[in-house]
Structure formats: C-alpha cells, structure tokens
Amino acid sequence: MKKIFILASIIFIISFCACREVKHTDNKETICIGFSMATLNEDRWVSDRDFMRQKAEERGCDIIITNANGDPDEQYDDVAGLVDQGIDVLVYAPQDFSRASECVSYAKKRGVPVISYDRLAGDSDLDAYISFDSYKTGRIQAQELLKYATSGRFLIICGPETDRNSGFLYDGVADVLNEENTAAADVLTVKQWRKEEAYDMVLDRLSQKDNDIKAVIAANDSLAWGAVNAAAVLGLSGKIFVAGQDADLSACKRIEDNTQTLTIYKPVDELARRTVDICIKLACGMDFGYDKLIDNGKKEVPGILLDVYCVDASNVKDIIEKKKRNYESKYDLCS
C-alpha cells in the first residue's frame, strides 16, 4: 500500500508540472515570469519584448515586463519589484555585466531562479544563460567583410564594456583577422549603444589624413548606422564596407540602398520560445538541456547559444518579408 501511495504521489507531481504548461487558466497555479529588460531603445529589444509576451501566453504563463531605460539602479528596483510580486522565474537582461550580481542575489535569496537573457550576468549564481553565439557573430562579420575589403585597415566599433557580449564578438572578429593575416584593425569602444556616439567617433577617425579604413565592423546595427552616416558626410557612402548585427529593419533598408554591406540575423522568436521553455522547467524543478558551461566569474553556468545568420544583398528581401509579417507597423517606419 505504501508503494502505491508513493507512486501516486510521483504521478501527481509530474501531472502538476505538466498542467502548468497548458493554456492560461487564470488560477493561482499559473507560472508567472518576470522579464527585466535593460532597454527598449533598439528595434531588436522591442522584438524581444513582444516575442517573450507571445511565447509566454502560448504556453499558458503570465508575464510581467519592465524596462530600466539603461539605468542599472532602476533595473535593480525593477527586479526587486518583480520578485516581491511573487514571480516564479526571473528572466534578466542586464544593463551592466559588473553590477548584475546585485539583482541576481536579490532574486536567489528569495528562492526565485534566474535566467540571464541575451547578455551574461557577471559574478552571480545564475541558473541558466541563453543567448546567441556572439563569438560566431564576430567571426561571420569579419569573414564576410574580407570578401569585399581586400586592402586597407578595419575599424571595429565595440559596444560598452558593461556588456559581456561585446567582448565575445570582438574575440571572434580578432581571431579571424589574425588567422587571415589581414591588415591591422583600429578599435573604438562606445560608452552607450547610441548611433550618435558612433557617428562622432567614426567621423573623427575617417577625417584623419592617414585614413585608410576600408571596412567597419560594428557591435550592433545602431552603431553601424552611425558609421554609415559618418561615411556619407565624407562622400564615402558605399565605398566603406560596413557590418552590423541584429538585422534591424532600418539596417535591412540600408543594405537594400547599398550603404550597409551586411548584418547578422538573430531569430529572436526562437530565443523567446526556448527561454519560456526553460522558465517552465525551472519553475517545475525539472532539468533542461544546455549546450555548454559558460564562466561568468562566479560559476560555470549552463548555457544555450543559438545560431546566427548573415544577411546581405542576396537575401535581405527575405528577412524584410519575415519581419514585415511579424511587425507591419515597424516596417512602415523603414518604407
């Protein structure tokens, strides 16, 4: 009789977790996901927000989303507020790699598992990290631009040092340039993900008398936009090859116009789907599959790194159509 009771208990526990994956039922057993975002300034992050909401609803989960507007202090308050509201899992896209441990600790001390989303949270007790392969992104950017820029120097525009992905991407770019024994590269690092800052820095570099920059690799499409605008002011539009990442619709339009050479497409819908799946598994105390362990300064974090794809003139129309189907209103901004 005791064995039957234990077996029945196990079946109940499994069924309980499974029932939390069904469509939303408005009862207290529904899993609630807290999604703390650093910013919504770029088109890409708006897509993350919308897809996370969509994928959570499809799986029957509640989701509360906050935006810190690029302020680490505000993001800490956001995380504390989400945890205090009783979320089951925290999905955290940190504004500052070095200060992320404060937010993660707040959640973990209160028994809330934490997934670091897209950006790695440093020196913290994460349960999972899910992102795109930034190292591979950098390698693709460099490999593809080398097909166009066969001479001259490369200019690498790195993102803020507070974002660990910028370092991963730079490593990918640098490894390819070293492997190919190409011309040396100059490196610029912005303090914020703002195209205006990139514009000023690139304009200054291209205006120098000894300028021999033939290619620019930017850490995202916003920074690539700044580089494209700087080249245009100097009459170099289309003469300097520019790579970005995120496949923002504005970047796709620049590729059509031959002012930006390429970008990197990252399927955010798949990132959101996989993230919600991990949320459910963590909330149910279940294991989830991962690709590799990634050191964040405190521990080896189970990491999932999704693949990325190059977008250039040969396939940009396909990407525009894909995004147009998902976001008609956004496409109008680029028409």
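**Close-up 1. Helix α10 and the glycine that follows it.** Just after α10 in this predicted model, glycine 285 adopts a positive phi of about 70°. Buried residues of α10 include Val268, Leu271, Ala272, Thr275 and Val276. Ile278, Cys279, Ile280 and Leu282 are buried there too. Among the elements that cover the buried residues of α10 are the strands β1 (32-37), β3 (89-92), β4 (114-117), β5 (128-132) and β12 (300-306), together with helix α2 (43-58).

**Close-up 2. An open sheet with four parallel strands.** Follow the strands in the order β7-β6-β8-β9. At the edges you will find β7 (185-189) and β9 (241-243), each pairing on one side only. On average, neighbouring strands here are turned by 15° against each other, direction ignored. Inside the sheet, β6 (residues 153-158) and β8 (residues 213-218) are joined in the parallel sense over five bridges. Look for isoleucine 157, which stands opposite alanine 218 in β8.

**Close-up 3. Two helices against the sheet.** Helix α6 (residues 164-179) lies across β6, β7 and β8, and runs at about 165° to β6. Helix α8 (residues 221-233) also packs on the sheet, where it touches β6, β8 and β9. The direction of α8 makes about 165° with that of β9.

Close-up 4. Serine 101 sits in helix α4 (residues 100-108). Is serine 101 buried or exposed? Its relative accessible area is 19%, so serine 101 is buried. Leaving aside residues up to four places away in sequence, serine 101 touches Gly122, Asp123 and Ser124. Further along α4, tyrosine 106 forms an edge-to-face aromatic pair with tyrosine 76, at 5.8 Å centre to centre and 80° between the planes. Tyrosine 76 belongs to helix α3 (residues 72-84), and the two partners are 30 residues apart. Tyrosine 76 is partly exposed at 30% relative accessibility, whereas tyrosine 106 is buried at 13%. Arginine 110 lies over the face of tyrosine 106, at 3.5 Å from the ring centre.

**Close-up 5. A tilted pair of rings.** Tyrosine 148 and phenylalanine 241 have ring centres 5.5 Å apart and planes at 35°, so this pair is tilted. Tyrosine 148 is in the loop between α5 (134-145) and β6, while phenylalanine 241 is in strand β9, 93 residues apart. Both are partly exposed: tyrosine 148 at 36% and phenylalanine 241 at 22%.

Methods. Residues are numbered from 1 along each chain as its sequence is written. This is a predicted model: local features need pLDDT of at least 70, side-chain atom pairs count only at pLDDT 80 or more; totals for chains, interfaces and linings use all residues. Side-chain values use heavy atoms; hydrogens and water are left out. Two strands pair if DSSP finds at least two bridges between them. Axes are lines fitted to C-alpha atoms, for helices over the stretch in contact, and angles run from 0 to 180 degrees between N-to-C directions. Contact means heavy atoms within 4.5 Å. Buried means under 20% relative accessible area, exposed over 50%, partly exposed in between (1.4 Å probe, protein chains only). Rings of Phe, Tyr and Trp (its six-membered ring) pair if their centres lie within 6.5 Å; planes under 30 degrees apart count as stacked, over 60 as edge-to-face and the rest as tilted. A charge sits over a ring if NZ of Lys or CZ of Arg is within 6 Å of the ring centre and within 35 degrees of the ring normal.
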